[in-house]
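Thanks for coming. Please have a look at the sequence and the model first.

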Amino acid sequence: MYIPEYVKLLSRYESRKLLHGLISPAFWNWLQFRAYRKRFPGSYVSGDSDVGSKAKIGTGCLVWQSYVGDLVELGNYSCVGVGSRLGGEKEVRIGRYCSIAPGCFIFSTHHDHRNRTTYSLRIMKEGRARMLPPDCYSIPISVGNDVWIGRDAKILAGAVIPDGCVVGAGAVVGKKQYEPYTILGGVPAKPIGQRFSDETISELLKLEWWNKEGEEIFSEEMVNFLLSKPE
Ligand SMILES: CC(C)(COP(=O)(O)OP(=O)(O)OC[C@H]1O[C@@H](n2cnc3c(N)ncnc32)[C@H](O)[C@@H]1OP(=O)(O)O)[C@@H](O)C(=O)NCCC(=O)NCCS
């Protein structure tokens with residue numbers, strides 16, 4: 001019977017989890033929460049999240065019970081809802097003031113469907129912990145500023161989502177090009193609306209309010225301005 005190295009690797013990981021089993025989950029989460037608080041000062045990352053040791057999380061971010069991989073960069077004040085998974089073997093850059101709803105999947109790696117098989121033969125054979133070529137391929141993902149990604153949306157390798165866009169619940173966003181402040185929806189995601197007139201969009205893009213310091217954005221005047229409707 002041929003037992004792939006990857007099966008052995010996962011079995012070893014499972015045995016290691018026994019150690020965690022000796023500590024109560026609540027205590028473990030508290031320990032993790034403290035470690036995240038030290039690593040990402042000024043942000044809240046729940047202790048039941050799984051954040052890669054090289055991940056970058058800016059100031060004022062919220063991350064609830066989610067996976068954030070090593071190559072993920074989360075801009076200041078962005079929020080990630082429960083049960084989201086952000087990662088892959090190439091960079092996933094999320095801008096500032098983004099709202100990522102629960103259950104989103106933002107992943108920069110694909111199985112390589114250009115090979116004769118999509119099955120991860122090399123990973124299985126060699127027991128690799130990472131999804132590298134030739135089994136898989138990866139393309140960076142870039143999400144602009146002030147982007148709202150609706151519940152259970154999937155953002156695939158190579159996606160570029162410009163500033164101000166809205167991704168509708170359940171949408172699947174691939175490598176297509178989109179304009180800023182577009183509402184995207186469906187599978188595959190297509191523009192289903194434009195948030196504002198061309199004039200207002202240029203004004204907002206020129207303002208680049210997301211690059212101002214937090215104190216200025218959270219001032220009463222700015223909050224009232226940004227939470228008002230332009231037309
Ligand atoms: C995308 C969204 C913002 C659009 O809201 P809206 O502007 O009020 O849109 P409407 O309901 O008027 O729908 C406009 C059109 O888009 C379609 N549409 C709306 N949401 C869609 C979605 N998620 N996917 C695909 N199509 C969608 C509608 O069917 C409608 O099509 P029609 O013109 O052919 O009838 C909203 O539907 C959505 O998905 N919100 C995300 C909610 C969420 O995830 N909340 C989690 C809390 S953070």
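Asp146 counts as buried because it has 22 C-beta neighbours inside 10 Å. The cut-offs are these: a residue is buried with 20 or more other C-beta atoms within 10 Å of its own, exposed with 12 or fewer, and partly exposed in between, the C-beta atoms being placed from the backbone. Before going on, note that this is a predicted model, where local features need pLDDT of at least 70 and side-chain atom pairs count only at pLDDT 80 or more, while totals for chains, interfaces and linings use all residues. Residues are numbered from 1 along each chain as its sequence is written.

Where is Asp146 found? Asp146 sits in the loop between S14 and strand S15 (148-149). Strands here are DSSP runs of E with at least two residues, helices are runs of H or I with at least four, and both are numbered from the N terminus. If we leave aside neighbours within four places in sequence, Asp146 is in contact with Tyr97, Cys98, Asp163, Gly164 and Trp210. Contact means that two C-beta atoms, placed from the backbone, lie within 7 Å. Tyr178 is 32 residues from Asp146 along the chain, and their C-alpha atoms are separated by 15 Å.

Now the whole chain. It has six helices and 21 strands. Of its 231 residues, 32% count as buried. The C-alpha atoms fill a box of roughly 70 × 45 × 25 Å, taken along the principal axes.

Next, the sheet. Six strands form an open sheet in the order S2-S5-S8-S11-S16-S19, with parallel pairing. Strand S2 (50-51) and strand S19 (172-173) are the edge strands, each pairing on one side only. To count as a pair, two strands need at least two bridges found by DSSP. S11 and strand S16 (residues 154-155) pair in the parallel sense over two bridges, and Phe105 stands opposite Lys154 in S16.

Which way do its residues point? Thr182 and Leu184 point one way and Ile183 and Gly185 the other, and all are buried. S20 runs parallel to S18, joined by two bridges, and Val167 stands opposite Leu184. S20 runs antiparallel to S21, joined by four bridges, and here Leu184 stands opposite Pro191. The hairpin of S20 and S21 has four residues between the strands, and Gly186 in this hairpin takes a positive phi near 95°.

Leu184 also takes us to the core. In the largest nonpolar core, which has 42 residues, Ile155, Val167, Val173 and Leu184 touch the most other members. Elements that give two or more residues to this core include strand S6 (72-74), strand S14 (141-143) and S20. A nonpolar core is a set of buried Ala, Val, Leu, Ile, Met, Phe, Trp, Tyr and Cys residues joined through C-beta atoms within 7 Å. Val173, leaving aside neighbours within four places in sequence, is in contact with residues including Ile155, Val167 and Leu184.

Last, the ligand. How many residues surround it? There are 14, and the closest are Ala101, Gly150, Arg151, Gly168 and Gly185.

Notes
A residue is near a molecule or strand if its C-beta atom, placed from the backbone, lies within 6 Å of it.
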